[in-house]
Amino acid sequence: QVQLVESGGGLVQAGGSLRLSCVASGTIFSTDVMGWARQAPGKQRELVATITSGRTTNYADSVKGRFTISRNSAKDTVYLQMNSLKPEDTAVYYCNLRRPGLGISGDYWGQGTQVTVSS
C-alpha cells in the first residue's frame, strides 16, 4: 500500500507563487511515476505534471513554463513549484503515484490540498 500526504496549498494573489509538497510512504518502487493533478469545481480531474525516477517530466499545456515538478527519491517526496499563478489555477491539487502496468489498481491518490488564486 501507498499513502500520499500533500501540503503547501493556500490562498495567493494572481501572479504569486506556491510550492506544494507530497510525501509518499509505504512500498515505493523506482519505476513509480509521481505527479500532480487538479480538480476545479464542476470540472474533471486534470493531470498537470508528472515525473519519473529518471527525472523525465511532462506538463499539461495549461501550466507549461509556469509550473515545475521535482522529485527527491531519497525522501520519496515530490514537489510542484507554481509561479505566475492565475485565477484559473484555483482547484484542489492531488498528489498521484502511478505504478506502470497495473492500470487503475496501480493508481494512488492523496487527499488533496486547496489552492485558491484571487484576482
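Before the details, the conditions. The model is predicted, with local features needing pLDDT of at least 70 and side-chain atom pairs counted only at pLDDT 80 or more, while totals for chains, interfaces and linings use all residues. Residues are numbered from 1 along each chain as its sequence is written, and side-chain values use heavy atoms, with hydrogens and water left out.

I start with secondary structure. The protein chain has eleven strands and zero helices. Here helices (H or I, at least four residues) and strands (E, at least two) are DSSP runs, numbered from the N terminus. Along the sequence the pattern reads β-β-β-β-β-β-β-β-β-β-β.

Next, overall dimensions. The C-alpha trace spans about 40 × 25 × 25 Å along its principal axes. What radius of gyration does the protein chain have? The value is 14 Å, which agrees with the figure near 14 Å for a compact globule of 119 residues. That radius is taken over C-alpha atoms, and the globule rule is 2.2 Å times the number of residues to the power 0.38.

Buried means under 20% relative accessible area, exposed over 50%, and partly exposed in between, with a 1.4 Å probe and protein chains only. The accessible surface is about 6300 Å², and 49% of that belongs to carbon and sulfur atoms. These areas come from the Shrake-Rupley method with a 1.4 Å probe; for residues, only the protein chains shown count as cover. Of the contacts (heavy atoms within 4.5 Å) with a separation of 6 or more, 54% are between residues 24 or more positions apart.

Now the disulfide. How many does a search of the whole structure find? There is one, counted as a pair of cysteine sulfur atoms within 2.5 Å. C22 is joined to C95, S to S 2.1 Å. The two cysteines are 73 residues apart, with C22 in strand β3 (residues 18-26) and C95 in strand β9 (residues 91-98). The link of C22 and C95 is left-handed, at -85° about the S-S bond. Are its ends buried or exposed? C22 is buried at 0% relative accessible area, and C95 is buried, also at 0%.

Last, the rings. A charge sits over a ring if NZ of Lys or CZ of Arg is within 6 Å of the ring centre and within 35 degrees of the ring normal. R19 lies over the face of Y79, 4.1 Å from the ring centre. The charged end of R45 sits over the ring of Y94, at 3.8 Å from its centre.
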